[in-house]
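Thank you all for coming.

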Amino acid sequence: MNYQDYTYEQLAHALYLKGEADGYSKVTDKTKWREPVMAEKLGHTAHAKISAGAGSDEYGSDAYDTKNEIYAEYKSQAIKDKQVRNLLGQKIGKRKAAPLIVSGVYNGAYKDSAIEAYSKVDHYFGVFYKEMCVLIVKPKTPVVISQLVANNNKRKPGATTNLNTVKINLADTHLYDLVYDNTQEIG
């Protein structure tokens, strides 16, 4: 077996299934491998490094959109079996499941300069199920920035500078564009 014969997504999916069989929940969560997967789906070029330093052109981004000549920030979340019904709008008994809320955590978005950097990039939130990319939405940048600013303004002095979270309810379709949909693979 040659690892070069497989995509990042195929390798990660296999790792997820092994972890699941061994009793680990979402063994691959919070990993860099999702960025190349999202970049591939979107036709972008993912950055080789995990994070670009302040002051660089790449600051506040994970990839570059060569078609539109703009940097892109990726956020991703893994969903569990019970959340599939929220994603797909399935019924729970007689009522429809509440729409999935996709969250993106912006660690370090506590300074005006960091938020300013995020205002100059496109944002993409990916949803992964069993480490397969099933959905990518592109929240409108003003929506992301308004939530970052509001969250930062609520932060108490001395509180953590991490966990500035942007939330997009998938029912609020006016807040985002659907840019990749592979949900038929899990439906």
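This is a predicted model: local features need pLDDT of at least 70, side-chain atom pairs count only at pLDDT 80 or more; totals for chains, interfaces and linings use all residues.

What you see is an open sheet of six strands, in the order 1-2-3-7-8-10 and with mixed pairing, where two strands count as paired if DSSP finds at least two bridges between them, and where helices (H or I, at least four residues) and strands (E, at least two) are DSSP runs numbered from the N terminus. The edges are strand 1 (45-46) and strand 10 (176-181), each of which pairs on one side only.

Residues are numbered from 1 along each chain as its sequence is written, and side-chain values use heavy atoms, with hydrogens and water left out.

Within the sheet, strand 3 (residues 70-79) and strand 7 (residues 122-129) run parallel and are joined by eight bridges, and isoleucine 79 stands opposite tyrosine 129 of strand 7. Helix 3 (residues 81-88) packs on this sheet and touches strand 3, strand 7 and strand 8 (132-139), contact being heavy atoms within 4.5 Å.

Turning to helix 2 (residues 34-42), its buried residues include Val37, Met38 and Leu42; here buried means under 20% relative accessible area, exposed over 50%, and partly exposed in between, with a 1.4 Å probe and protein chains only. Among the elements that cover the buried residues of helix 2 are helix 1, strand 1 and strand 10.

How many salt bridges does a search of the whole structure find? The search finds seven, a salt bridge being a side-chain nitrogen of Lys or Arg within 4 Å of a carboxyl oxygen of Asp or Glu. In one of these, the side chains of glutamate 73 and lysine 75 meet at 2.8 Å, N to O, and both residues are buried. In another, lysine 120 meets glutamate 116 at 3.5 Å, N to O; lysine 120 is exposed, at 56% relative accessible area, while glutamate 116 is partly exposed, at 41%.

A further salt bridge joins aspartate 122 to lysine 138, with the closest N and O atoms 3.5 Å apart. Aspartate 122 lies in strand 7 and lysine 138 in strand 8, so this pair ties together parts that are 16 residues apart in sequence. Aspartate 122 counts as buried at 12% relative accessibility, whereas lysine 138 is partly exposed, with a relative accessible area of 23%.

Conventions:
Axes are lines fitted to C-alpha atoms, for helices over the stretch in contact, and angles run from 0 to 180 degrees between N-to-C directions.
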